[in-house]
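Hi,

Here is the structure I promised to pass on. Please open it alongside this email, as my notes are meant to be read with the model in view.

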Amino acid sequence: MDFFQYRDGALFAEDVPMARIAQEVGTPVYIYSRATFERHARVFAEALSGLPKKPHIAFAVKSNPNLAVLSLLSKQGYGADVVSGGEMARALAAGVPAEDIVFSGVGKSAKELVAGLEAQIGQFNIESEEEGVELAQIAAERGELARCALRVNPDIDAGTHEKISTGKKDNKFGVPIDQAVAIYARLAALPGLEMRGLAVHIGSQLGDLAPLEMAFLKLGELLAEVRAGGDTVTHIDLGGGLGVPYKKGEEMPSPAQYGAMVQRVTANWDVTLMFEPGRVIAGNAGVLLTQVVRVKRNANRDPFVIVDAAMNDLARPALYGAWHDFDAVEPNGARMVANIVGPICETGDTFATAREIDAVATGDLAVFRTAGAYGATMASSYNSRGFVAEVMVDGDQFEVVADRILPEAITAAERVPAFLKDS
Ligand code: LLP
């Protein structure tokens, strides 16, 4: 459920008409709803409230790293799952306590490991024995102990888009599950590391709980083996991955169903469970507001609705063939079949093909829905288009929470070298 609803024929973000934001901030613009974020955070936490030990929920910062979003979720008791020094710095800047930060990621540099230790983050999710050995050495030299979980690759097909599957043995993530007991034991013996847990994350936008359940069952078996070997496991990180509906009427497993499954599968684990949800919190808490530049009619084809947003602003359709619902801000009741495209000079800059949509014309406003996760954060400045602004709405007020970055600002960071000027 979200708070982007029609009132008297016009689309609102909470109590603010979309048209007002377009007028004051311009388009394209990402719009986030505070109430929706809070609702999603609450629903997800409530779904896990029956667990024997209070779980640790860390928002996957990669899905929406905006400082306002991180600050809002921190106030809801969420920690942060980060995958780079940049994300860690953001989480800290937004007020997330260091001990609630989990540092994941397959390629943490030595510099990032040091930064994590310096900040005294809560947990490193180690993705290889090599990384563990390196972290152990750095921590030991500093006379510190790094709290760690070992991420395992359970070799399970998450049944999602191949580019966002992470739990198959061919993927780069985690250590092979059949080597995990031995690697855990070797890492646990190193000075500098406090091995305390196991972690798994098999993919994103999962529409079926079965692969998750299978991964968790495998992790349960591994937990028993690690303990049988004499090592300690007090924390298990079950990652993120829960899918969200992108199409009107699409059904997805609910957080409550997910929570019930987790509770059933982990009943005897006697650990603190950790979670890293991203999309399920952020996805439907944001939309991308755009304006129709013009409608172009080619012979014998559905018209092209050219909008001012493009693949550089919202990359998911071009990258994964992803669907985002498209709704006019003030629909006139008529419908049309159209191809929705951006202005970028690539055929891949296509948001929808032969789709039935609200009839729109030049100057009309429309939104791409479910753009709160993996939207603004995946933007680029391709075609020298700059970066779009982000706005957060709270009831009848809103604020710009990320300035529009104009192409001129990007060009200002570039220079022509002296050797070109001289010759
Ligand atoms: N934890 C780890 C270790 C992850 O790799 C991810 C996402 C998450 C948590 C959060 O997953 P979520 O709950 O959001 O599914 N750009 C793609 C999604 C990439 C997801 C990468 N990892 C997209 O736009 O669909």
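Below are my notes on the ligand, the cavity and some backbone details.

One thing to keep in mind from the start: this is a predicted model.

Let me begin with the ligand. It has 18 residues around it, and the closest are Ser 204, Glu 276, Arg 279, Arg 316 and Tyr 374. Sorted by class, this shell holds six nonpolar, six polar and six charged residues.

A polar side-chain atom of Asp 81 sits 3.5 Å from a ligand nitrogen atom. As for cover, the ligand on its own has 580 Å² of accessible area, and the protein covers 92% of that.

How many cavities of 30 Å³ or more does the count give? The count comes to one, and the largest cavity holds about 30 Å³ of space. Its lining is made up of Asp 2, Phe 4, Asn 284, Gly 286, Val 287, Arg 369 and Thr 370. By class, these lining residues are two nonpolar, three polar and two charged.

Thr 370 has a positive phi of about 55 degrees, although it is not a glycine. You will find Thr 370 in the loop between β19 (365-368) and β20 (389-394). Is Thr 370 buried or exposed? Its relative accessible area is 3%, so Thr 370 counts as buried, the cut-off being under 20%.

Ala 354 also has a positive phi without being a glycine, in this case about 45 degrees. Ala 354 belongs to strand β18 (residues 350-358). With a relative accessible area of 43%, Ala 354 is partly exposed, because that value falls between the 20% and 50% limits.

Finally, a peptide bond to check: the one from Thr 27 to Pro 28 is cis, with omega near -10 degrees. Pro 28 is placed in the loop between α1 (18-25) and β4 (29-33).

Do write back once you have had a look.

Best wishes

Terms used. Residues are numbered from 1 along each chain as its sequence is written. This is a predicted model: local features need pLDDT of at least 70, side-chain atom pairs count only at pLDDT 80 or more; totals for chains, interfaces and linings use all residues. Side-chain values use heavy atoms; hydrogens and water are left out. On a 1 Å grid over the protein atoms alone, a cavity is a set of points where a 1.4 Å probe fits but cannot get out, and a pocket is an open set with protein on both sides within 12 Å along at least five of seven lines; lining residues have an atom within 4 Å of a point. Grid points are joined across faces, edges and corners, and a volume is the space filled by probe spheres set on the points. Ala, Val, Leu, Ile, Met, Phe, Trp, Tyr, Cys and Pro count as nonpolar, Asp, Glu, Lys and Arg as charged, and the others, Gly among them, as polar. Helices (H or I, at least four residues) and strands (E, at least two) are DSSP runs, numbered from the N terminus. Buried means under 20% relative accessible area, exposed over 50%, partly exposed in between (1.4 Å probe, protein chains only). A residue is near a molecule or strand if one of its heavy atoms lies within 4 Å of it. A polar contact is a pair of N or O atoms within 3.5 Å; within protein, one must be able to donate a hydrogen and the other to accept it, and residues adjacent in sequence count only if both atoms are side-chain atoms. Accessible areas come from the Shrake-Rupley method with a 1.4 Å probe; for residues, only the protein chains shown count as cover.
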